[in-house]
Amino acid sequence: MLLSSPTLVWAHESAVRGDCTSCHTLSPAEATQLLKKGGGTVKSVKQAPNRGMFELLVEKDGREGIVYLDYGKKFLIQGLVLGLDTFEPVASHGTPALQPKKIATINPVSIPDQYALNLGNPDGAKRLYVFTDPDCPYCRNLHGELKKLEKLAPDLSIRVMLFPLPIHEGAYDKARVILGRKSRELLDAAFAGKDLPQPVGDEGKAQLDAVMGFAYAHGLTGTPTIVFPDGSVVVGIRDAVTLKSLLERM
């Protein structure tokens with residue numbers, strides 16, 4: 001195999017031991033151009049805590065966030081880098097203001113439930129709220145687990161709150177049409193990677209903006225975010241069996 005070449009292995013090890021900035025550079029202006037489809041302005045570029053990535057501080061619509069770009073400038077990653085020693089977020093931009101706000105609880109009664117799409121039993125005594133983005137790959141995986149959870153917990157109401165992130169071009173319009181038509185079929189189609197119709201006029205806009213306003217006001221910055229019936233908040237994917245087990249304790 002090519003990767004077994006001693007010369008290449010030595011070169012890789014030398015690069016790892018050296019200063020990455022000597023070979024890999026990216027200016028804020030270049031980064032902004034690379035991100036033009038998603039919009040926003042890159043205010044600062046630093047080497048990420050994990051090797052092989054740039055860390056970008058991006059401003060869009062008055063909000064700031066951190067995303068990661070590989071050295072090849074082909075793949076954009078949104079999410080947290082966690083230190084294995086503490087499992088706490090680490091970031092080269094590093095100030096507390098840049099770290100995603102940790103949300104311990106959200107009062108489920110305060111969630112604008114009238115703008116949710118329901119999976120499972122609409123009359124279920126327990127409600128599980130899931131803030132999700134139709135273009136988020138992690139949300140896509142969770143959606144498959146939620147469909148399994150429907151069968152494992154037939155008395156559960158799973159309330160889907162659409163929360164498209166600014167970094168995903170087109171997600172806002174997809175969420176608008178799904179929410180405007182209250183369509184489970186369109187939701188499933190979006191997560192299956194299928195094309196959706198464009199929203200008509202202001203279809204779904206007021207409802208979606210209300211959900212997004214709630215999410216931002218309560219410090220939600222990523223998807224998927226799950227709010228349990230007791231108000232506890234979990235960010236990220238959980239499999240159906242784990243979710244069922246957690247719900248049974250509440």
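Is I77 buried, partly exposed or exposed? In this predicted model, I77 counts as partly exposed because its relative accessible area is 40%, which falls between the 20% and 50% cut-offs. You'll find I77 in strand β4, which covers residues 76-77.

H93 sits in the loop between β4 and β5 (117-120). With a relative accessible area of 9%, H93 is buried, and its side chain makes a polar contact of 2.6 Å with the side chain of E55.

Here are those two side by side:

| Residue | Relative accessible area | State |
|---|---|---|
| I77 | 40% | partly exposed |
| H93 | 9% | buried |

What about the inside? In soluble globular proteins, nonpolar side chains tend to be buried together. Here, the largest nonpolar core has 46 residues, and the members touching the most others are L128, F131, L146, L149, L162 and I178. Take L128: beyond its neighbours within four places in sequence, its contacts include L146, L149, I158, F228 and L247. Another core lies apart from that one, with 11 residues, including V42, L56, V58 and L69.

Stepping back, the protein has 7 helices and 9 strands. Of its 250 residues, 40% count as buried. Among contacts between residues at least 6 apart in sequence, 62% join residues at least 24 apart. The protein exposes about 13500 Å², with carbon and sulfur atoms supplying 57% of that area.

Notes. Residues numbered from 1 in each chain as written. Predicted model: local features only at pLDDT ≥ 70, side-chain atom pairs only at ≥ 80, totals over all residues. Heavy atoms only, no water. Helix = DSSP H or I, 4+ residues; strand = E, 2+ residues; numbered from the N terminus. Buried < 20%, exposed > 50% of the residue type's maximum accessible area, 1.4 Å probe, protein only. Polar contact = N/O pair within 3.5 Å; in protein donor to acceptor, adjacent residues only side chain to side chain. Core = buried A, V, L, I, M, F, W, Y, C linked by side-chain atoms within 4.5 Å. Contact = heavy atoms within 4.5 Å. Areas by Shrake-Rupley, 256 points an atom, 1.4 Å probe, with all protein chains shown as cover.
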